Amino acid sequence: MANTTSTTAQAHGRYIRGSVSKVRRVLDQIRGRSYRDALIMLEFMPYRSTGPITKVLRSAVANAEHNLGLDPSSLVISSATADMGPVMKRYRPRAQGRAYAIQKKTCHISIAVAPAA
């Protein structure tokens, strides 16, 4: 678990459509970076999961600014995790009356920001 002190602000995005592994490869790139650098990186990454991650990151920074009175330019991403959510199960018809199972995966994104040490 992440060390959650009084100077840490968090935000969670729940039931985000997309697999955990695809979200984690983006979170691994921005973990430990400053807020400004992370936003620039997310802007130019070619992955679909950067949209929801940017939204959760902006929410975490807004929480830090509003609730704790911290300056956004001094914040770094202290922890960024993605956990599995529920799987939506759908079926497609196939040849000879068979059904093909499709799993529409979801994930939960958690981002915590803290002032630079």
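1. Let's start with the core of this predicted model. The largest nonpolar core holds 28 residues, and those with the most contacts inside it are Leu27, Ile53, Leu57, Ile77, Ile109, Ile111 and Val113. Two or more residues come from each of strand 1, helix 1 (20–30), helix 2 (35–44), helix 3, strand 2 and strand 5. Helix 3 supplies the largest share, six residues. As general background, nonpolar side chains in soluble globular proteins tend to be buried together.

2. Leaving aside residues up to four places away in sequence, Leu57 touches Tyr35, Ala38, Leu39, Leu42, Ile77, Ile111 and Val113. Ile77, Ile111 and Val113 are also on the list of residues with the most contacts inside the core.

3. Three strands make an open sheet in the order 1-5-2, with antiparallel pairing. Strand 1 (9–17) and strand 2 (75–84) each have a single partner strand, so these two stand at the edges and one side of each is left without a neighbour in the sheet. From one strand to the next, the twist averages 15°.

4. How many bridges join strand 2 to strand 5? There are nine, and the two strands run antiparallel, with strand 5 covering residues 106–115.

5. Ser110 deserves a look of its own. This serine lies in strand 5, and its relative accessibility of 17% counts as buried, because the cut-off for buried is under 20%. What does its side chain do there? The side chain of Ser110 makes a polar contact with the side chain of His12, at 2.8 Å. Not counting residues up to four places away in sequence, Ser110 touches Ala11, His12, Ser79, Ala80 and Thr81.

6. On charge pairing, a search of the whole structure turns up one salt bridge. The side chains of Asp28 and Arg31 meet in a salt bridge, with an N to O distance of 2.9 Å. Are these residues buried or partly exposed? Asp28 is partly exposed, with a relative accessible area of 47%, and Arg31 is partly exposed as well, at 37%. In general terms, side chains of opposite charge can pair when their charged atoms come close.

7. Most residues other than glycine have a negative phi. Tyr15, however, has a positive phi near 60°; this tyrosine lies in strand 1 and is partly exposed at 48% relative accessibility. Gln96 has a positive phi of about 60° although it is not a glycine. Gln96 lies in the loop between strand 3 and strand 4 and counts as exposed, at 72% relative accessibility.

8. Finally, have a look at Gly97. This glycine lies in the loop between strand 3 (88–93) and strand 4 (99–104), and is exposed, with a relative accessible area of 76%.

Notes
Residues are numbered from 1 along each chain as its sequence is written. This is a predicted model: local features need pLDDT of at least 70, side-chain atom pairs count only at pLDDT 80 or more; totals for chains, interfaces and linings use all residues. Side-chain values use heavy atoms; hydrogens and water are left out. Two strands pair if DSSP finds at least two bridges between them. Helices (H or I, at least four residues) and strands (E, at least two) are DSSP runs, numbered from the N terminus. Axes are lines fitted to C-alpha atoms, for helices over the stretch in contact, and angles run from 0 to 180 degrees between N-to-C directions. A salt bridge is a side-chain nitrogen of Lys or Arg within 4 Å of a carboxyl oxygen of Asp or Glu. Buried means under 20% relative accessible area, exposed over 50%, partly exposed in between (1.4 Å probe, protein chains only). A nonpolar core is a set of buried Ala, Val, Leu, Ile, Met, Phe, Trp, Tyr and Cys residues joined through side-chain atoms within 4.5 Å. Contact means heavy atoms within 4.5 Å. A polar contact is a pair of N or O atoms within 3.5 Å; within protein, one must be able to donate a hydrogen and the other to accept it, and residues adjacent in sequence count only if both atoms are side-chain atoms.
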